[in-house]
Every structure is written in C-alpha cells, then in structure tokens.
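Subject: Structure for you to look at

Hello,

Please find the structure below, with my notes after it. Keep it open while you read.

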There are 2 protein chains.
Amino acid sequence: MKIDSVDFYYLSMPEVLDIGDGSQDALLVRVAAGDYVGWGECEAAPLVSIASLVCPMSHSACKPVIASIIGQEINDVNDIRRIGNLVRANSLDLLQADHTLSGIDIALWDLLGHRLNEPVWKLLGYKSRFPKTPYASVLFGDTAAETLQKAKSIAAQGFRAAKFGWGPFGLSTVEADCDQLAAAREGLGKNGILLVDAGTVWNTDLDAARARLKMLKEVNATWLEEPFVSGALSEYHALSLASGPVGMAGGEGCHNFHMAKHMVDYAGLKYVQIDAGRIGGITISKDVADYAVAKGVTYVNHTFTSNLALSASLQPFAGLESHTICEFPTELKSLARAMTKNHIVPDKAGLLHVPDAPGLGIEPDFEGIAPYLVDVEIRVRGKQIYTTPELR
Amino acid sequence: MKIDSVDFYYLSMPEVLDIGDGSQDALLVRVAAGDYVGWGECEAAPLVSIASLVCPMSHSACKPVIASIIGQEINDVNDIRRIGNLVRANSLDLLQADHTLSGIDIALWDLLGHRLNEPVWKLLGYKSRFPKTPYASVLFGDTAAETLQKAKSIAAQGFRAAKFGWGPFGLSTVEADCDQLAAAREGLGKNGILLVDAGTVWNTDLDAARARLKMLKEVNATWLEEPFVSGALSEYHALSLASGPVGMAGGEGCHNFHMAKHMVDYAGLKYVQIDAGRIGGITISKDVADYAVAKGVTYVNHTFTSNLALSASLQPFAGLESHTICEFPTELKSLARAMTKNHIVPDKAGLLHVPDAPGLGIEPDFEGIAPYLVDVEIRVRGKQIYTTPELR
C-alpha cells in the first residue's frame, strides 16, 4: 500500500511558561496508508517542523520532508528505514528534517503495527518485553525546600527512582546546588534511585561540572545527565574519568545515529538517552539501542511529552531485560494527558510495562485534543501551503 | 546600542530545479541597531528558518531565535559571541536555530564593521588578508563529454583550480565515475588543481568510496570531498588511511563548533570545509579556523550562494597565508548575482581578494533583489506572526 497523507497537528497549552517543561506543546502526526492510520509525535518547535514538512524546495538536497513520504510504498518494516533514508538524503541540508521525520517514523511503526496486529516492539525483533523501573521526572523546585517536598511526594507515590533537573540547578552557587541535592536525597529516602539532570547548564565548562562531583557522590546519585551540550565529547569524557560511581548520562540532543554513536564512542557515557521524537524516530532509536548493547552502555528513553511519545520512546529497548531505568514524566501539563484515551501507568510494584496492544497501543483522544489545537496558516506567493487539518 | 530589528527576506528563482545548485534561493538577513545596518545570509530552506525566527515558544530551552536578538546590546565583537551563546541556550531544542543564527551572526559582523569602519577580517584579529586561489565550483556534467567541456571552459577562464561535484557522480558505476574524472582532468590540463565532491552520495558505504580511490589517485585529485555524511567519522577515517595523496575534505554539514571539531579530531580530514551560513555564522567559523590551524588541518570556505555569503565565508580565514584554496561558485543563478551591487572577482593572476571595505564589503541591490522576493505570510491562532518585510 502507498502512503496517502501526512497530517501535522500543532497542540499547545493556552499559555506556554518560560520553564523547562516540554509538555506545554506538541506536534501530533497522523499518517494514512490504505485502510490504516498511524500516530506519532515530533519533539519541540511545532511550527518549525510544520514549515519543514511543506516548505518549497531549495535544491535537490534540500526538499520538504513531505516530498519523500507521500506515495511511498509501506508494506513492511524495511520500508520505514528506506523512507527515512530518503528523507535524510533529499533533505540533507534542511536541518530541522530529523525532528520532523521522527514523528513520521513513529507513526509509520504504529500504522504497520495495526496492519500486522503486533506491538511495535515485536516488529522490532524483540520476543518479549521486560518491565521498566520508571523514574519520576520532575523539575528542581525553585528552592531546596520545594525540592524536598517534591521528593517526598514522589516517594509517597511509590516510585523507586526520581530525576530532578533544570530549574535553578547549576545557575547559582555550588552551595545552592548542594542544598538542592541534599533535599532531593532526603525526600526520596536512602534507597531511592536519585538521578540528576543539569540540562546542559555548564555548556562546555568542565570546572563548573567538576565542582559538583563531590556532592553528587555524597548523595549517591546514579547519574549526572547533560552537564554539557551533546557535542562536548571531550568534556564529557574528562568528567567521566573523575566521576567514580556517578555515571555520565546524555544523548537527548542527538538528532541522528552518528551523534549518538559518537557519544557512546568518545564521551565515556554509562547511559545513552535517546528521544525517539528527535533522533529520527523508532528506527534510529533501535539502532542506537543495538549499538549501546554492543558497547556495554545502558539505553534509556528520553521523553517529556505525551503517553504517545512515551510509548514510542519505550519500544526501542522494550526487550532489553537489563536496561531497566526509564523516564516517566509525572508533571505533565493537561494537554499531554488529554491527548490520549489511555495512559501508561506503573503497576502496584511500581513497574512500568510497555503496551502490548498493536502498534504503540496508545489511542489519540480527539475530544481531549480539540481544545488545544492551534490554528496555523502558511502562505507562500499568495498560495496556502499549510493550514491546520481536520482531526480525523 | 541595542538591536532594534531583524528582517528576513526569502528570495527565490521563479522556478527551482531538482539539481544540486544551492544558488536557486536565498534567505537574506537585515539587522539594524542604532544608526547602523548589517546584512547576512542563511544557507538553505528559507521558510523553515523564518519559522524558527518567529515561532511561539515551546519551553524555556526552545524559544524562537528572535527572542535572543531583539533588544540585545551590540557594541563590540564580544557581544556577537554573547548573543550567539544566548541563542544556543535559549533555542537548544530548536534544531533549525543554528542555521537561523548564522545569517544573523553574519549581519552583526557586517553591522559592527560599518560602525567601526573596519573590514570584518580585521575585527576578527587578522592584521593582513592574503590572496586566495579560487576554485571554480561546478556540478559534474550529465555526461563525461559535458564535464570535459566544462573543464576546458574553466581552464580557458584562467582558473588554476576546479571542483566537480554532485550530478551523476557516484550514482552509477565505477567506470562511469572514472570517465567523469578522466574528462575533468583532461579538460583542466595537467597542472590544474582538481577537486572532487561526492556530495555524501555513499552515505556510510566505505566500499563504494574505496572503489573510486584508484582513479582519484590516477587523475591526481587534491581532495575527495564528502564521500560520506558529516557524522560518519569512522568511515572518513578508514578511507583517509587508504587515500594516500588524495586528502579527505568535509565539514559543510556541521552546524556547530563541536561537529567540526569532531571531524578534525576523528575523521582524518586534511581539509575542513565550513559554511558560515550554517555553522552559526562568522564567529563559530573563526573558532574552527583557529582549531584547524592548531591541528594542522587546512581551512576552506564552503559557499554556493551569493557574493554576500561568499564574503562572509572568506573572512574567517582571510589572514591565514598558507590556507590558500577557496570555493568560488561560478554557475550562480541570476538571483545570486542580482542580489548585490558589487561582486568579488579574481584578479588578472586568477587570485581572489577578500574585500577590504568596512564590514563584509558587499552591498545589497534592492532593485536587483525585488523581482526575486517571495511573499510569505504565517498566521498562528489568527494572528499574523510573519509577513515579508519591506526592503529598506
């Protein structure tokens, strides 16, 4: 069957706040082929990804993403990779294309799962799915006292692990960060898995990151995530040599397989964190999972949006029994909850199970989505090249 | 003084052909501060970069690029780096942002050059500019016979060097590529510098690239450019070990300093090719030039658009006496010529001189531009967030 249509829906909270919360908007993707429909999601900057879908061609290696999608045959999983390769070649000089492709790739896996009546993780070659230990993913409080309350609340909800990130962390003094870390550990209790996300706050400043290592060790942090931007391979590596039991974690900024491979090869990572909504979808995420296994690095999903994105982000390592930690955002804005009819929730033992329904196992909720749908129109030379499509 | 405005102008040929010619459209950037104006250019996908300039915020690390520009103080060159760092932090998750920033960074250098009455290369710290040996940059002909004619014509124009790229090269048989290479060498004459650009055609296929090495050596090619995508560091490195006198060249796909550094560090490059319109502007290009000097790699500009972009791409290595080869596109579409009042042309000895007028030394030609200006309108929630500004 051939791909008949690709629809992009820009969803947003009525007001987007200047905080590190990625669930405030979303770009929902619908792909239709024959009698089947698949849903996906691109991470961040919906308007820009819409523009990259439909923009006029600049030259032969800078085509709109849609030019490599519509009319393509989609019958088995090899077609998804072929289509991804087409996009990467035809849109080589269109920087945004990797993010745009990501949501389409995810939707194609969902579509094929429905057609073949299999969950995506089976289509990826896994025979079984293994439960994951979700970490509650939250922002640091504005104060250490607020962080303490957040941590207590997470522990009370039965989570075995929590990640604190962004907010004021790394922006003021080492002492202030120590207070934040101590509060997180205290609230979580002695046995909780504590993860820390610096959100690239030190860019490439090795000394600033080093100054926090002592306290990270004291609070027994399992990992320090994104002390630097993704490209700072030598800084990551240098920090890893001094970080002892605190593992380096990073990779969410990678927008192709090569970038993730470089982080595994050169950055001294213990955990490679991949956002399926950015790196080129489930296809490339699975490539990274395979590479991580081969290199003895632990794969972790990165996701901070809806449960559709969460399911997509879990599929690539669903069958890796020893890669247990998974990101599970718990402070989602109402939009990210309302988007889907069903949700992925931890069981009584606090463990998360990748859906075993066909495709991604997550159904969009049109009634829930409608209030958040953003009306967009793009006109070039007087001709409308994009308008928000009907939900269908 | 403060930055008062940033205007993006989308220019295009009436018809854009499906060929590897990047001069078919352009995104012209105007920045105004106090009494001064600077001009720059972003490479490729104008509509997408426009969207990334003005899109609604997704979260604190995914802001529209303009949010980090308007109102910023711009008094000396340190401000340009500070503004670039702001964009990279505030638009961390907006993939297109590096391309968008590039044109703004270039315009800021031009603006400051006008204010300080100095050419940009002096502001970059160079005391002198040195002449460059331009290579005529053209596409391979559809047939070897056509390539032969192109090469003869280039030699007749007095060029000492020529680069052939894209077109059919690498897409069919090794024999066909050998014919193309032989034709290029024959037309250029024995002493001409012959450069070959594979345009990432082999993606990561080391064997396909290796199969062309023998012929590249036979025709005495100075470099093989982009046999692979920019991220394929280990493939580049493996090929470099077998390429003998044929140097590896690459880097145009890099959209930040780190990617270029990785290519220098890990890919076995002899020539690092940087597009100032993609990597984050003149600021980051100069960082790469400095790094290349430190590592014994030769810096080369990448540019395939207007003479404004050409001047911007030459500034970062204007003062490097031994880095002589420079890209000089000679098959520009009418748009790319009409855009500017003055042009950079080789002297009688066939050498190119970086302008020594203030700023970039290139003046936009409003009358020339007007016929190519593309009318764009973007509306979000019924509100117009972008419309093509008046040329001023």
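**What joins the two chains**

Strand 12 of chain A, residues 376–380, and strand 12 of chain B are joined by five bridges and run antiparallel. Within this pairing, V380(A) has V376(B) of strand 12 of chain B opposite to it. Please bear in mind that this is a predicted model.

How many residues does each chain bring to the contact? Chain A brings 49 residues and chain B brings 48 residues. On the side of chain B that touches chain A, two or more residues come from each of helix 1 (46–54), helix 3 (97–116), helix 10 (257–266) and strand 12 (376–380) of chain B. Strand 12 of chain B gives the most to that side, namely five residues. Sorted by class, the side of chain B that touches chain A holds 22 nonpolar, 17 polar and nine charged residues.

**How the copies are related**

Chain B is superposed on chain A by a rotation of 180° with 0.0 Å of shift along the axis, and the RMSD is 0.0 Å. This is the relation of a two-fold axis. Of the interface residues of chain B, 100% are also interface residues in chain A, so the copies meet through the same surface.

**Two helices in chain A**

Helix 2 (residues 77–90) and helix 3 (residues 97–116) of chain A have axes that come within 10 Å and cross at roughly 165°. Angles over 145 degrees count as roughly antiparallel, and helix 2 and helix 3 of chain A are therefore roughly antiparallel to each other. The crossing of helix 2 of chain A past helix 3 of chain A is right-handed.

Which residues meet here? From helix 2 of chain A come V77(A), I80(A), I83(A), G84(A) and V87(A), and from helix 3 of chain A come A97(A), L101(A), D105(A), L108(A), W109(A) and L112(A). By class, the residues of this contact are nine nonpolar, one polar and one charged.

**A sheet in chain B**

Chain B has an open sheet of three strands in the order 1-2-3, with antiparallel pairing. Strand 1 (3–12) and strand 3 (36–42) of chain B are at the edges with a single partner strand each, so one side of each has no neighbour in the sheet. On average, neighbouring strands of this sheet are turned by 20° against each other, direction ignored.

Strand 2 (residues 25–33) of chain B is joined to strand 3 of chain B by seven bridges, and the two run antiparallel. V29(B) has G40(B) in strand 3 of chain B as its bridge partner. Helix 3 of chain B packs on the sheet and touches strand 1, strand 2 and strand 3 of chain B. The direction of helix 3 of chain B makes about 150° with that of strand 3 of chain B.

Regards

Methods:
Residues are numbered from 1 along each chain as its sequence is written. Chains are lettered from A and ligands numbered from 1 in the order in which they are written. This is a predicted model: local features need pLDDT of at least 70, side-chain atom pairs count only at pLDDT 80 or more; totals for chains, interfaces and linings use all residues. Copies are superposed by least squares on the C-alpha atoms of residues with pLDDT of at least 70 in both. Two residues are in contact if their C-beta atoms, placed from the backbone, lie within 7 Å. Helices (H or I, at least four residues) and strands (E, at least two) are DSSP runs, numbered from the N terminus. Ala, Val, Leu, Ile, Met, Phe, Trp, Tyr, Cys and Pro count as nonpolar, Asp, Glu, Lys and Arg as charged, and the others, Gly among them, as polar. Two strands pair if DSSP finds at least two bridges between them. Axes are lines fitted to C-alpha atoms, for helices over the stretch in contact, and angles run from 0 to 180 degrees between N-to-C directions. Angles under 35 degrees count as roughly parallel, over 145 as roughly antiparallel, 65 to 115 as roughly perpendicular and the rest as oblique. A crossing is left-handed if the near helix is turned anticlockwise from the far one by less than a right angle, and right-handed if clockwise.
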